[in-house]
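This report looks at a few parts of one protein model. The structure comes first, and the notes follow.

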Amino acid sequence: MFNNYLARCTRWGGWLVLVLLLIGESLQATPPTLHTTLKPVLLRPLAAVSYSQPTNPFPSLSFGARRVYYDVDADGDQDMLYQDGNVSGVGISLIRNNGNGTFGSPINANGSGTFTSGPLNNINFTNITLTSIFIVDYDNDGDEDLVETVNDDVGRIVRNNGNGTSTDLMTSPFPSLSFGARRVYYDVDADGDQDMLYQDGNVSGVGISLIRNNGNGTFGSPINANGSGTFTSGPLNNVTFTNITLSSLFIVDYDDDGDQDLVETVNDDVGRIVRNNGNGTSTDLTTSPFPSLSFGARRFYFDVDSDGDQDMLYQDGNVSGVGISLILNNGNGTFGSPINANGSGTFTSGPLNNINFANITLTSIFVVDYDNDGDPDLVETVNDDVGRVIRQEGSQPKITSTSPADNATGVNPATNLTLTFDRSVSKGNGNLYLVRTSDNVIVETVPVGNAKVTGSGTTWVLDPSTTLANLTAYALRADEEVFIDTDGRVFAGIFTNALFNFTTGTANSAPTDIALSASTVAENQPGGTAVGTLSTTDPDVGQSFSYSLVTGGGSTNNASFQLVGSQLQTAATFNYEAQSSYSIRIRTTDNGSPALTFEKSFTISVTNVNEPPTISPQSFTVNENTPNTTPVGTVAASDPDAGTTLSYSIISGNTNGAFALSGNSLQVANSAALNFEVTPTFSLSIGVSDGALTNYALITITISNVNEAPSVANAIPPQSATVGSGFSYLIPANTFTDTETPASLTLSVSS
């Protein structure tokens, strides 16, 4: 199975052009399929398929291959953009598919190649050539865009707006390449959007890179292969490419596992497959299940037997009518034995019985569901002729009605989705996808085998587990092969938002309440601190809301707060001791039409945080020899938290225990230690604590000198003298001492 035929590649003139095959009601961009394992092969009868050659509805062109088929007006069928002739800007036209195998009258561009009406109004083309236009849903919005390449330039995108109009973006998000066509687009990482593998230059193994689609019209930085062409990281890690040329790479889900593989062809060799593992990695199988062809590119892949997988029609050689064969896909990576056309190129058995091919060349065959019946047809072009259509007869199962109806409005968000088919079908393989169309996001993926898909015969019901948002547009998409009829024909899938889309809801109701998850914030926190998260009560299910601070009752302190999305944050630093509560007013606005509001005031409480006491350096003076318990001074300290009891302690500097604290009163504790002549200054580190936090300061105590009496150091021994006779005695210098130095002592004699 190839879920969207997007990567079914048809080649013309040695160049690869991505032809988007419209299967079922639609052909659009890569659907959201993320298969990661091989699916089982269904045991079912082979669909009874035959082909006819009805009248070709397409115009005769001078150069038959100057055309591309894509859904230009996003109505679910394939239109044709073409050029008759090869003069720049001349002969360019568009014909729109009527959805039934007929086409409308041509919408002709003017003589300069500019359309002046229709879906391509104001879009200019110089040439419609097969080496310059790729059909790619580059922005992953579910419709087909045109990427026009130019050598040594980024080229441009003609974006499909999905409403029957297109916009010339005049540029593109893709790199400038020396040879603009050296690129392929496919979902390399199986994430549901198209990535780009390319080569800048034409030197073997050089300039090969990959850019991955971000899913929104932008692409990531290049993942570059090394100088030998080998990737050393990313989804293609350990895979080597010599050249990215449009005649050698086909994008084919060869193993029918739901993701896109690369088939690289080599003349006179089987080539190789780079298998997509469906988990963001690829494996180089170094070989392939396909036959060796003299000209490797003489092939194309399409679901010839309408069983949901890709078969291969090919020619070995280049002799007209010779070597033409078909191999059918077994649905598991293997292929059956060749069904060979006879020597004139006519098949005498198999799905193409009685169909003749002269050559399988890359400039002459397009795979197009031209009649919009859900199966692929072949359009064979011939220069200066209308060519022919090879139509697959019968049809795959088709949806005849849906509930809700397509484009329905006012749908209950809890509704089930019903598909009614034109015949009895049973469950097959793959997934159903519920898509929000505003941004193309998948909101739910349901495997068809899940119990949430019920029904029988022609009617099947999906009961989504997701409750849909109100007043929101949705679409249902489906993989190819999710349903199968009794003949083994598979339902081709839904890959566009155009087939089964609807909008939920009724008139918008106003929100009824606002809740705040928390309404307290600690003091001293910086601005930008989260307070709590807002939520809204609204009768309308699934709406989104925006919030704002507004004036009104209770808005006094709005300026102190800010809103970031649904989170209320502070816009200032709060001090509990200064202000412990704040009043704000908040408005919630829903996303209904018209948008409605509700307002509510809130009180935000500031919680107290224990803060450390403060103490500053201080100085005291005390006389030496001051008696114990004499107060020296009061240590001043404070605490921001009211009512806190502080305790004080001497941490260091208290030599000989000179001081002690009684509360915050500093007192003499050792009078003897207060000696100016020994320690004239004390530097005490004093700590003040609130019981949990402590702060410190240096307290300086200056000892004042006090004049102290001299003392006898060495007593004068007794002396004798004779009365009436003279007497003298030299008093020794060490007889007296004084603690003050230097000291000048005056001696006197008393009786």
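This is a predicted model: local features need pLDDT of at least 70, side-chain atom pairs count only at pLDDT 80 or more; totals for chains, interfaces and linings use all residues.

## Strands β5 and β6

Residue Q83 lies opposite I92, a residue of β6. Strand β5 covers residues 79–83 and strand β6 covers residues 92–95. The two strands run antiparallel, and 4 bridges join them.

## The open sheet

Strands β5 and β6 belong to an open sheet of 4 strands, whose order is β4-β5-β6-β7. The pairing in this sheet is antiparallel.

Which strands form the edges? They are β4, residues 67–70, and β7, residues 107–108. Each of these edge strands pairs on one side only.

## Strands β20 and β21

Another pairing involves β20 and β21, the latter made of residues 311–315. These strands are antiparallel, with 4 bridges between them. In one of the contacts, F302 has D311 of β21 as its bridge partner.

Strand β20 spans residues 299–302. From this strand, R299 and Y301 point one way, while F300 and F302 point the other way. Are these residues buried or exposed? All four, R299, F300, Y301 and F302, are buried.

## The largest pocket

The largest pocket of the model has a volume of about 250 Å³. Its lining consists of 16 residues, and those closest to the pocket centre are D141, D143, G162, T437 and N497.

By residue class, the lining of this pocket holds 10 polar, 4 charged and 2 nonpolar residues.

Note on methods:
Residues are numbered from 1 along each chain as its sequence is written. Side-chain values use heavy atoms; hydrogens and water are left out. On a 1 Å grid over the protein atoms alone, a cavity is a set of points where a 1.4 Å probe fits but cannot get out, and a pocket is an open set with protein on both sides within 12 Å along at least five of seven lines; lining residues have an atom within 4 Å of a point. Grid points are joined across faces, edges and corners, and a volume is the space filled by probe spheres set on the points. Ala, Val, Leu, Ile, Met, Phe, Trp, Tyr, Cys and Pro count as nonpolar, Asp, Glu, Lys and Arg as charged, and the others, Gly among them, as polar. Two strands pair if DSSP finds at least two bridges between them. Buried means under 20% relative accessible area, exposed over 50%, partly exposed in between (1.4 Å probe, protein chains only).
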